[in-house]
Protein chains: 2
Amino acid sequence: MTERRAVNNLSLYKERFERVLSDYLQAYPVKFSPVWDAMVYAVCAGGKRVRPALAYMGAKIAGGSMERADKVALGVEFIHNYSLIHDDLPCMDDDDLRRGRPTVHKAFGEGTAVLAGDALLNLAFECVGGEGETAKYIAKQSGMCGMAGGQCLDLANTGNAGVQGEEWLDKINSLKTSALFKAALAGGAMICGADGELICALEEYADCLGKVFQIVDDILDVQSSAEVLGKSAGQDEKNGKVTYVSLLGLDGAKQKARAINDEGKAALEKFGAAAGELIDFADLLLGRVK
Amino acid sequence: MTERRAVNNLSLYKERFERVLSDYLQAYPVKFSPVWDAMVYAVCAGGKRVRPALAYMGAKIAGGSMERADKVALGVEFIHNYSLIHDDLPCMDDDDLRRGRPTVHKAFGEGTAVLAGDALLNLAFECVGGEGETAKYIAKQSGMCGMAGGQCLDLANTGNAGVQGEEWLDKINSLKTSALFKAALAGGAMICGADGELICALEEYADCLGKVFQIVDDILDVQSSAEVLGKSAGQDEKNGKVTYVSLLGLDGAKQKARAINDEGKAALEKFGAAAGELIDFADLLLGRVK
């Protein structure tokens with residue numbers, strides 16, 4: 001029941017976001033090829049649109065409109081996609097496949113991929129730049145204190161499996177994944193005028209959600225085929241990366257995901273029925289590896 | 001006389017900026033190696049600090065304090081340096097030398113260079129993100145409608161000397177260089193509450209200044225040694241790039257620079273003595289190729 005509701009809501013958010021995104025890109029005044037084409041190729045590849053959905057859920061729990069959160073949804077999705085494009089580069093993770101298609105540098109060349117990522121990050125701040133506090137918050141979660149910081153730690157470790165332990169991996173995932181989940185969820189609430197208590201609770205929830213998301217990703221990398229994943233499977237082991245599965249085994253990783261999921265849901269308890277949607281969403285995410 | 005005044009002012013601005021920059025970096029809470037080291041290596045390499053100086057001059061002509069413009073100065077200099085790091089990458093201009101030292105990817109590796117650029121762009125918006133209208137304006141000048149757009153055009157042309165003419169080159173330089181000059185100068189004025197008339201005039205002046213700056217750069221690339229430039233000389237010809245010198249010859253390029261410089265100064269005429277500093281600065285810049 002609740003899982004079905006979460007799936008329905010998610011598809012409504014996705015539908016709205018695809019429309020908002022398409023309108024935004026169509027109206028954008030400057031479209032230099034081939035970089036613009038590469039940006040569109042990356043951003044319009046579908047995907048689950050988890051971050052935009054979080055932005056909308058943040059607006060909702062703060063009592064705001066989805067329209068008010070459109071900018072945050074666009075901004076965080078642009079940031080997410082710039083990071084994917086740059087992460088896939090030969091000098092980073094060197095991945096050829098993403099969402100079932102060639103990665104941006106494979107399809108457009110490396111120079112274009114670097115610029116497309118840069119332009120998407122700039123575009124994110126064109127979207128949210130006028131929003132004062134919210135824009136600053138998103139920049140912080142996207143930068144060295146957040147996502148980019150996590151990529152730094154990740155890059156420094158690649159090829160050194162075994163050097164770092166579970167605590168270190170928790171930190172990486174909190175930075176690499178949770179930070180942008182926070183930007184989306186708390187950013188969506190912030191732009192709608194949420195108070196500090198709600199923002200803090202949403203941050204705690206988003207931190208747990210990001211960690212669960214990453215553990216689930218590690219599990220799926222081992223369990224799934226490239227067809228299901230839409231990207232090359234078994235990449236983590238190939239790249240010698242430390243993952244929750246390599247540290248804790250499959251069952252241990254699943255157990256950890258369940259525990260963190262409970263923690264995240266507990267952070268929202270005091271908000272009662274208003275938090276129902278976010279609780280359902282956390283369970284839906286975890287359900288991917290049941 | 002006026003040249004000496006411009007040089008003095010520039011060195012005062014530079015002095016202030018180096019202090020502000022050093023304080024900002026020191027106080028920054030998260031410093032993951034080696035990416036942080038690469039960011040500092042790039043940003044603290046000296047340079048003329050033209051963009052921070054423009055931000056301070058913008059504040060001054062708008063009747064604001066230099067302190068108010070510090071964020072803009074930091075933001076535009078971070079953006080400038082991210083673009084240099086990414087421009088120098090092997091998949092872009094493939095340059096080994098910058099400001100007399102190995103480029104970031106030569107000193108730290110490509111992956112670190114990509115991330116250092118990304119983190120600097122994020123840092124720029126952490127600095128100015130809270131500033132509403134000014135932040136949005138800077139993002140626009142930095143993105144597809146401005147600097148990044150110019151890099152797109154530039155990348156698309158590399159290796160195709162002769163395909164594009166003077167008008168096309170004007171457009172590239174207006175985007176690649178002038179846009180960030182606008183972000184600095186008009187951004188510095190905007191954050192101090194400048195009105196629309198002043199902003200428009202500063203934009204026109206900055207557009208000319210950026211073009212002159214680029215023409216002067218083309219000329220110096222031909223005339224100077226690597227020692228004087230602090231980067232490899234003769235790179236443009238080596239890379240098969242269309243430049244003002246390749247299109248107009250040395251004398252033609254100098255003549256064009258003088259004409260555009262006059263145009264830029266004319267845009268500020270109505271502001272009388274208040275614009276004296278910017279007029280001097282334009283002449284100083286042009287004087288580099290006398």
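In this predicted model, the contact between the two chains draws 40 residues from chain A and 41 residues from chain B. On the side of chain A that touches chain B, helix 6 (110–128), helix 7 (133–142) and helix 8 (147–157) of chain A each contribute at least two residues. Helix 6 of chain A provides the largest share of that side, with 12 residues. By residue type, the side of chain A that touches chain B consists of 23 nonpolar, 11 polar and 6 charged residues.

How the two copies are placed relative to one another comes next. In general, a rotation about an axis and a shift along it relate two copies of a chain. Here, chain A is superposed on chain B by a rotation of 180 degrees with 0.0 Å of shift along the axis, and the RMSD is 0.0 Å. The two copies are thus related as by a two-fold rotation axis. Both copies use the same surface, as 100% of the contact residues of chain A recur in chain B. Within chain A, the residue that comes closest to the rotation axis is A:Gly132, whose C-alpha lies at 2.3 Å.

The C-alpha trace of chain A extends over about 50 × 45 × 35 Å along its principal axes. Of the 290 residues in chain A, 54% are buried.

A pair of helices in chain B gives a local view of the packing. Helix 2 (residues 35–43) of chain B packs against helix 6 (residues 110–128) of chain B at an angle of about 70 degrees, and their axes are 9 Å apart. Because angles of 65 to 115 degrees count as roughly perpendicular, helix 2 of chain B and helix 6 of chain B are described as roughly perpendicular to each other. From helix 2 of chain B, the residues B:Val35, B:Ala38, B:Met39 and B:Ala42 take part, and they meet B:Thr112, B:Ala113, B:Leu115, B:Ala116, B:Ala119 and B:Leu120 in helix 6 of chain B. The residues of this contact between helix 2 and helix 6 of chain B comprise 9 nonpolar, 1 polar and no charged.

Terms used. Residues numbered from 1 in each chain as written. Chains lettered and ligands numbered in written order. Predicted model: local features only at pLDDT ≥ 70, side-chain atom pairs only at ≥ 80, totals over all residues. Least-squares fit on C-alpha atoms with pLDDT ≥ 70 in both. Contact = placed C-beta atoms within 7 Å. Axes fitted to C-alpha atoms, helices over the stretch in contact; angles between N-to-C directions. Helix = DSSP H or I, 4+ residues; strand = E, 2+ residues; numbered from the N terminus. Parallel < 35°, antiparallel > 145°, perpendicular 65-115°, else oblique. Nonpolar A, V, L, I, M, F, W, Y, C, P; charged D, E, K, R; others polar. Buried ≥ 20, exposed ≤ 12 C-beta atoms within 10 Å, placed from the backbone.
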